Amino acid sequence: MIVLGIESTAHTFGIGIVKNGKILSNVKKTYTTKKGGIIPIEAAKHHKKNKEEIYSEALKEAKIKESEINVIAFSQGPGLAPCLIEGMKFAKELSLKLKKPIVPVNHCIAHLEIGRITRVHHERIPKKGTKTSHEASKHFSEKCLLGAKNPVMLYASGANTQIIAYASGKYRIFGETLDIGVGNFIDNFARYLGIGFPGGPKIEKLAKKGKDYIELPYKVKGMDIALSGILTNLKQKIESKNYSKNDLAYSMQETVFAMLVEVSERALAHTEKNELLLGGGVACNKRLQEMCKIMCKERNAQFFCPENSLLVDNGAMIAFLGEIMFDSGIKFSFEDSNKIDIKPRQRTDDVNVSWK
Ligand code: ATP
Ligand code: FE2
């Protein structure tokens with residue numbers, strides 16, 4: 001069984017190919033800007049221009065012919081409508097051409113489900129009693145085979161910031177941002193500092209050089225967080241020219257990531273789960289990973305964090321979830337593809353998780 005997955009919710013056009021739960025290829029191209037944020041129509045044009053090339057590369061990397069594809073999965077939502085349309089159009093074209101079924105996938109749940117094949121994130125410390133490094137690495141890889149089974153997920157991406165966990169038939173949102181997503185927040189902060197999109201990786205670099213912590217508002221409200229007030233505060237501090245960029249970046253990370261970790265910890269306590277899975281582009285941040293790891297260690301929970309290529313938007317996670325959904329009977333035949341539409345505002349808890 002070979003599933004092709006198409007991702008196009010925002011800045012990234014990606015195609016991944018999965019065979020029986022194993023990733024054969026994961027190719028993507030991301031729309032970036034030197035200054036300023038993402039323009040949806042421009043991102044959609046970027047996807048249209050690059051889709052054929054990404055498709056050929058994905059087939060080549062997976063070493064398969066297009067006739068071997070059994071199912072086509074695509075990101076149906078949530079996302080930017082012009083970008084989603086490009087992905088859906090391509091999915092329908094392929095489905096009609098190859099006469100293969102389509103599986104529409106929720107992008108956020110794909111970020112979550114990829115945790116099933118994510119290795120547990122722990123130091124490579126040999127178990128007591130293991131003598132050789134070979135034995136130690138065997139022990140390590142055995143542990144790695146276990147993916148997250150029933151995690152609380154901290155989903156920290158551009159547009160979304162949610163604490164999600166499975167409970168009676170759905171992935172429920174236990175907490176979320178009350179205004180903007182943490183990635184968009186960081187990108188806006190970066191824009192005020194005169195840095196282009198995406199700002200996250202550059203802010204992480206500046207933060208490493210920061211030394212002095214600058215007091216910022218800390219906004220946790222029950223299980224939710226709020227970020228726009230902190231953004232305004234940061235903007236004022238930048239305009240005052242009294243603070244170094246490095247210290248501001250460092251203080252922003254320490255404050256905002258502490259807020260994320262606090263609500264994640266509370267969700268673990270409430271749900272009595274003992275696995276935390278990190279997902280979304282902001283999860284690439286090493287300081288956020290470190291803070292999550294410390295919290296998990298303190299409460300004896302396991303911490304899972306996919307590799308970067310599976311954290312940012314990518315086609316492999318769409319193919320991976322597409323296969324699980326197809327196996328459970330969710331599909332549209334190519335003749336019915338006109339019944340499928342994009343869902344730009346689809347929420348995680350709108351989806352009936354019938355495959356679990
Ligand atoms: P969504 O899943 O909500 O549709 P998205 O499509 O915007 O989100 P992702 O690829 O999951 O995208 O995440 C992109 C975000 O991740 C951007 O805002 C980017 O700045 C942020 N990001 C990437 N690397 C880092 C990093 N090292 N530190 C902080 N943020 C980062
Ligand atoms: Fe995403």
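Me: In which helix is glutamate 86 found?

Reply: This is a predicted model, in which local features need pLDDT of at least 70, side-chain atom pairs count only at pLDDT 80 or more, and totals for chains, interfaces and linings use all residues; side-chain values use heavy atoms, with hydrogens and water left out. Residues are numbered from 1 along each chain as its sequence is written, while chains are lettered from A and ligands numbered from 1 in the order in which they are written. Helices (H or I, at least four residues) and strands (E, at least two) are DSSP runs, numbered from the N terminus. On that basis, glutamate 86 is found in helix H2.

Me: Does glutamate 86 count as buried or exposed, and at what relative accessibility?

Reply: Buried means under 20% relative accessible area, exposed over 50%, and partly exposed in between (1.4 Å probe, protein chains only). Contact means heavy atoms within 4.5 Å, and glutamate 86 touches Ala44, His47, Lys48 and Lys51, not counting residues up to four places away in sequence. Glutamate 86 therefore counts as buried, at a relative accessibility of 8%.

Me: What is the handedness of the β-α-β unit that E4, helix H2 and E5 make?

Reply: Helix H2 covers residues 81–98 and makes a β-α-β unit with E4 and E5. A crossover is right-handed if, with the strands pointing away from the viewer, the path from the first strand over the helix to the second runs clockwise. The unit of E4, H2 and E5 is right-handed.

Me: What separates the C-alpha atoms of lysine 100 and phenylalanine 332?

Reply: Lysine 100 lies in the loop between H2 and E5 and is partly exposed, with a relative accessible area of 24%. Leaving aside neighbours within four places in sequence, lysine 100 is in contact with Ile69, Asn70, Ile72, Ser95 and Phe334. Lysine 100 and phenylalanine 332 are 232 residues apart along the chain, yet the separation of their C-alpha atoms is 9.0 Å.

Me: What is the bridge partner of isoleucine 72 in E5?

Reply: Two strands pair if DSSP finds at least two bridges between them. Strand E4 (residues 71–77) and E5 run parallel and are joined by five bridges. Within E5, the partner of isoleucine 72 is isoleucine 102.

Me: Which residues of E5 point the other way from Ile102, Pro104 and Asn106?

Reply: In a regular strand the side chains alternate between the two faces of the sheet. Strand E5 (residues 102–106) is mostly covered, since five of its five residues are buried. Ile102, Pro104 and Asn106 point one way, and the buried residues pointing the other way are Val103 and Val105.

Me: Which strands stand at the edges of the open sheet?

Reply: Five strands form an open sheet of mixed pairing, in the order E3-E2-E1-E4-E5. Two strands each have a single partner strand, so one side of each is left without a neighbour in the sheet. The strands at the edges are E3 (22–30) and E5.

Me: Which residue in E2 stands opposite valine 3?

Reply: E1 and E2 form a hairpin with four residues between them. Their pairing is antiparallel, over six bridges. E1 also pairs with E4, in the parallel sense over four bridges, where glycine 5 stands opposite alanine 73. In E2, the residue opposite valine 3 is valine 18.

Me: At what angle do helix H5 and helix H7 pack?

Reply: Axes are lines fitted to C-alpha atoms, for helices over the stretch in contact, and angles run from 0 to 180 degrees between N-to-C directions. H5 (residues 182–192) and H7 (residues 228–240) have axes 10 Å apart. H5 is roughly parallel to H7, because angles under 35 degrees count as roughly parallel, over 145 as roughly antiparallel, 65 to 115 as roughly perpendicular and the rest as oblique. The angle between H5 and H7 is about 15°.

Me: Which residues of H7 make the contact with H5?

Reply: H5 passes H7 in a right-handed crossing; a crossing is left-handed if the near helix is turned anticlockwise from the far one by less than a right angle, and right-handed if clockwise. H5 contributes Phe185, Asn188, Phe189 and Tyr192. H7 contributes Ile230, Leu231, Leu234, Lys235 and Ile238.

Me: How many residues of H5 are buried?

Reply: The buried residues of H5 pack against strand E6 (152–156), strand E7 (161–167), helix H6 (200–209), H7 and helix H8 (245–271). They are Val182, Gly183, Phe185, Ile186, Asp187, Asn188, Phe189 and Ala190. H5 is mostly covered, and of its 11 residues the number buried is eight.
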